[in-house]
Amino acid sequence: MTVLEPFGARLRRAMDERGPLCVGIDPHASLLAEWGLSDDVAGLERFSRTVVEAVADRVAVLKPQSAFFERFGSRGVAVLEKSVEEARNAGALVVMDAKRGDIGSTMAAYAESFLRKDAPLFSDALTVSPYLGYGSLKPAVDLARESGAGLFVLALTSNPEGGEVQHATRSDGRSVGATMLAHLAAENAGEEPLGSFGAVVGATLGDLSSYDLAINGPLLAPGIGAQGATPADLPRVFGAAVRNVVPNVSRGVLRHGPDVSALRTAADRFAEEIRSAVAGA
Ligand SMILES: O=C(O)c1cc(=O)[nH]c(=O)n1[C@@H]1O[C@H](COP(=O)(O)O)[C@@H](O)[C@H]1O
């Protein structure tokens, strides 16, 4: 089996070559309807194929949201498998957005599902939740390292409800979100050109200058488009860390379908706005 180069190195190269945009594959029932597709496996397959065809050859990352596929049971998961394969074949990195998190022994099984190189759903990286304790993610960290894959750990999420957990202060005065960032910085120490263990930090959060975002790893930044953030917000939110930001746009691009060239144009427009915002930072 070929050994993959570490995810962080592959991601850095993809960001340099294609720009950092991540397009989400989020087949909401409402989007299937807007695209004139049926709310079934055939509609799901057409939707996902169209997004891959439109953007997998031009963006650094595609992020399928697993729930929208799981909704259709095993046949939906089969579509997800195919989408991952097609997107990777077209040169995009795939971040599986499944937000897994469990006690360590069960976490090992989730890791086997997404991070073992020959698993049917193997993805370049996986979103994970550390709220059973960062240490519970160890099996995923270990297998990701072995496979050349990565993780995106929920640190400061884009939704307004996240603060009650993530901004909570520990007895040592550090917030829970900052603690997750510190764990990731330790994971990525010494890695070049970029570590493989990223944080999810919402682009919607405003000024994050009180957080140390210098984790030497990627920062997946959802919230642009439908949740109200814009590419122009990125330098203000992320400061010097903006060069490691992978901004995600899902509905902001997807609402332009089903026309392939309209989807491409929308993705290109976001990519260009992101490029100029980051260049001016
Ligand atoms: O991990 C994520 O991707 C994620 C974390 C977060 O804090 N906020 C967030 O919106 N997401 C995901 O990012 C995508 C955002 O979609 P749009 O709001 O349509 O651009 C969805 O798939 C969310 O599940």
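Predicted model: local features only at pLDDT ≥ 70, side-chain atom pairs only at ≥ 80, totals over all residues.
Me: Why are helices α3 and α5 called roughly parallel?

Reply: Helix α3 (residues 41-55) and helix α5 (residues 73-89) pack at an angle of about 10°. Angles under 35 degrees count as roughly parallel, and therefore α3 is roughly parallel to α5. Their axes lie 10 Å apart, and the crossing of the two helices is right-handed.

Me: What makes the contact of α3 with α5?

Reply: On α3, the contact is made by V41, L44, E45, S48, R49 and V52. On α5, the residues are R75, G76, V79, K82, S83, E86 and A87. Contact means heavy atoms within 4.5 Å.

Me: How do the residues of this contact divide into nonpolar, polar and charged?

Reply: Five are nonpolar, three polar and five charged. Gly counts as polar, so G76 of α5 belongs with the polar residues.

Me: How do you know that strand β1 pairs with strand β2?

Reply: Two strands pair if there are at least two bridges between them. Four bridges join β1 (residues 22-25) to β2 (residues 61-64), so the two strands pair. They run parallel, and the bridge partner of V23 in β2 is L62.

Me: Which way do the residues of β1 point, and are they buried or exposed?

Reply: C22 and G24 point one way, while V23 and I25 point the other way. All are buried, which means under 20% relative accessible area.

Technical notes
Residues numbered from 1 in each chain as written. Heavy atoms only, no water. Axes fitted to C-alpha atoms, helices over the stretch in contact; angles between N-to-C directions. Parallel < 35°, antiparallel > 145°, perpendicular 65-115°, else oblique. Left-handed = near helix turned anticlockwise from the far one by under 90°. Buried < 20%, exposed > 50% of the residue type's maximum accessible area, 1.4 Å probe, protein only.
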